[in-house]
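Please read each point with the sequence and coordinates open.

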Amino acid sequence: MKIKAVPIAEQHHPFVLANWLAQYRKNQFPPYPPAQEYFQKHQELAKKHLAGWMAVNSEDEDQYLGFIASEGDVIHFIYVKEVFRKLGIGRMLWEAAGKPKTYTHNIKNTKNLIDRSFVFNPYLF
């Protein structure tokens, strides 16, 4: 399968929001806020930051493999479907976004991409 990065468009928003919210809740560090409040409030915030890139199958662009929500030098969230991890898709998305070095969501799954040169700054979200 050939994979390419395309700009996040409105038709991608449901995929981006569903996976961003679910994965962040699942992979953030405890304590966790109440589920109902988390999903409502975080979705309101995430909707303001839906720019970025989608990883799609080149032959079927309706097959979404992952995304990076980013603005300038800031990564808000990066996600790759589990079955497609460790194939370089996250790095491809990061490169498509211009190799940002600041991130606003600290989760366990980004350890393969985030290194000591990156800066965590949740206040940019």
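The points below go through helices, strands, cores and ring pairs in turn.

1. Basis. This is a predicted model, in which local features need pLDDT of at least 70 and side-chain atom pairs count only at pLDDT 80 or more, whereas totals for chains, interfaces and linings use all residues. Residues are numbered from 1 along each chain as its sequence is written, and side-chain values use heavy atoms, with hydrogens and water left out.

2. Helix α2. With 12 residues, α2 reaches 16 Å from its first C-alpha to its last, close to the expected 16 Å. The buried residues of α2 are Y38, H42 and A46; they cover an arc of only 40 degrees around the axis (taken from the directions from the helix axis to the C-beta atoms), which puts them on the same side of α2. These buried residues pack against α1, contact meaning heavy atoms within 4.5 Å.

3. Strands. Strand β1 (residues 3-7) and β2 pair in the antiparallel sense over five bridges, a pairing being at least two DSSP bridges between two strands, and P7 stands opposite W53 in β2. On β3, β2 pairs in the antiparallel sense over six bridges, with a hairpin of two residues joining β2 to β3. The bridge partner of M54 in β3 is F67. Five of the six residues of β2 are buried, so this strand is largely enclosed by the rest of the structure.

4. Nonpolar cores. A nonpolar core is a set of buried Ala, Val, Leu, Ile, Met, Phe, Trp, Tyr and Cys residues joined through side-chain atoms within 4.5 Å. Of the 19 residues in the largest one, F15, V16, W20, M54, F67 and F77 touch the most other members. At least two residues of this core come from each of α1, α2, β2, β3 and β4, and the largest share, six residues, comes from α1. Apart from it lies another core, of 14 residues, among them L65, V80, L93 and Y103.

5. Ring pairs. A search of the whole structure finds 13 aromatic pairs, counted when the ring centres of Phe, Tyr and Trp (its six-membered ring) lie within 6.5 Å, with planes under 30 degrees apart stacked, over 60 edge-to-face and the rest tilted. W20 and F77 form a stacked pair, at 5.6 Å centre to centre and 15 degrees between the planes. W20 lies in α1 (residues 13-27) and F77 in β4 (residues 74-80), so the pair ties together parts that are 57 residues apart in sequence. Both W20 and F77 are buried.

Methods:
Helices (H or I, at least four residues) and strands (E, at least two) are DSSP runs, numbered from the N terminus. Buried means under 20% relative accessible area, exposed over 50%, partly exposed in between (1.4 Å probe, protein chains only). The expected span of a helix is 1.5 Å times one less than its number of residues.
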